[in-house]
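Dear colleague,

Please find below the structure that I am handing over to you. My notes on what was found in it follow directly after.

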Amino acid sequence: MIECKLKKELSAAEGKMILNVDFRLNEGDFVVLYGNSGAGKTSILRMLSGLLRPEDGYINQDSNVWFNAEKKIDIPIQKRKIGLVFQDYALFPNMNVEENIYFSLPQKKDKKTAEELIELMELGNLRKQKIQQLSGGQQQRVALARALARKPKLLLLDEPLSALDHGMRTKLQEYILKLHKTYNLTTILVSHDPAEIIKMANKVLVLENGKFTKTGTPISIFSESKLSGKFQFTGEVLAKIDEEVVSILHILIGNNVIKSVSAKDEIAHIQKGDKVLVASKAFNPIVTKIE
Amino acid sequence: MIWESLWLTLKLALITTLLLFVIGTPLAYWLSATKSKTKPVWETLISMPLILPPTVLGFYILIAFGQSSFLGKFLDGVFGLQLVFSFSGLVLASVIYSLPFMVHPIQSGFSSLPIHLKEAAYSLGKSKTTTFFKIMLPNIKPALLTGIVLSFAHTIGEFGVVLMIGGNLPGETRVASIAIYDEVEALNYSSANTLSFILFVLSFAILLSVYLINNKSLNRIVK
């Protein structure tokens, strides 16, 4: 469990801003920090990890005090036992894949977790590869394995997937979820992608100008609308095919592609790549059990 | 006599480079990481030998460490160390004179490393020392090499400072560049020619090796 209250003056692009937040995460939570750039998302991760010192407040992890302004406690990052993953991977270029992962082990002999992670992240074939020879997706898998090799309880992901193309993102999302479940982690992810958030998180904290303006489940945050749909999903438009009067949208919802027919001018503003809400009202869905 | 002065030059360059590496690397790291307001002052001081006439530097060292100065008397009395007209004096002067050639490449090497590299190592529980030796230094090898070779080459090419504070004592302070001057003064052109040619080839080879190695490691990063 993580419980914290953080306060600090930050200098953003538009001038000074006071970051003032408090939140509580339970073990096993997958939380997303959502908000515009400059809202303070990365600063929150840096304060939790110990890279940035809050001016006021506290951070408690279970019974451990990581930071307390009043009591002047500030545990250094090395002792906080967190896993930290950056957008630019930050792998060590002087080491190969295996060495990067082994580097984080407290004792060189305890290779069990490292081997398990290499297996989970399917890095077996890449062990001896140089970092420069890996694709972005492969590099991020190495970074994830490295971050978890010393068994942290809290995983902090700072936009880890935003440099990757769509296909690679979907795959990496699976890997992250797998790690989150296998090691019963508490994970905080900074993300801008509603589809990604709905797929992965159980809680969203919306940050605006240094304050949380909305918190809730991803569905309640992103599908709040005037529709009173019987069922509704969010998805991404993979293709838009124009016929004579109608257009057919191919929409990816989870792992399934559905086709939807609409009048051309009704969906003129929707393009390939858009995030969309798919809802149905008038029909009763047919639910059958899958054998 | 030629070989004596050449050997002295190499000895001076080696010792100077070694000392500079030990002093310059932490200094460069500090400069690349510090947010101190005094940073520009330190950077200026380190760069001064680039533009200051070597004679000025030599003159001040002469004044500061001469037999009549307090510092000179103190060092001589307590440690028996005479820095003027001696080899140790040359080493001191060379270290100051070649400092920017060691510090600048290494500083820009450190600055070019992404800050996340350091932070990732800290987040993996590694101390500042471990991070410095295992992550920072190995990833700026081309910069380290450039610093080492440039300082070495620059020390070989020293003349003004050496003349001011070392004088022209055979086997003690008569390095190759001074010996060449000496031979020319004595109209001894053939030995001046030999020494000059050796220094020319040596400098060319040293610089060529830097460019070759740095191009190679650049290619490796681009690929």
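Helices (H or I, at least four residues) and strands (E, at least two) are DSSP runs, numbered from the N terminus. With that in mind, A:Lys151 lies in the loop that joins α4 (136-148) to β8 (154-158) of chain A. The phi of A:Lys151 is positive, near 50°, although the residue is not a glycine.

Before going further, please note that this is a predicted model, in which local features need pLDDT of at least 70 and side-chain atom pairs count only at pLDDT 80 or more, while totals for chains, interfaces and linings use all residues. Residues are numbered from 1 along each chain as its sequence is written, and chains are lettered from A and ligands numbered from 1 in the order in which they are written.

A second residue of chain A deserves a look. A:Tyr89, also not a glycine, has a positive phi of about 65°, and its place is the loop between β7 (82-85) and α2 (97-103) of chain A. Are these two residues buried or exposed? A residue is buried if 20 or more other C-beta atoms lie within 10 Å of its own, exposed if 12 or fewer, and partly exposed in between, with C-beta atoms placed from the backbone. A:Tyr89 counts as buried because it has 23 C-beta neighbours inside 10 Å. A:Lys151 has 15 such neighbours inside 10 Å and therefore counts as partly exposed.

Chain A is assigned domain 1 (2-222) and domain 2 (231-280); such bounds come from an automatic or database domain assignment. Their centres, taken over C-alpha atoms, are 33 Å apart. Each domain gives 4 residues to the contact between them, where contact means that the C-beta atoms of two residues, placed from the backbone, lie within 7 Å. On the domain 1 side, helix α6 (residues 194-200) of chain A supplies the largest share, 3 residues.

Between the chains, 18 residues of chain A are in contact with 16 residues of chain B.

In chain B, helix α4 (residues 70-79) is hardly covered, with 0 buried residues among its 10. B:Gly80 follows this helix and has a positive phi, near 65°. An unreviewed UniProt entry places the feature "domain: ABC transmembrane type-1" at residues 6-210 of chain B; UniProt positions are given in the numbering used here, feature names are shortened, and annotations may be inferred rather than shown by experiment. Over residues 6-210, chain B is 79% helix and 0% strand, and the end C-alpha atoms are 22 Å apart.

Yours sincerely
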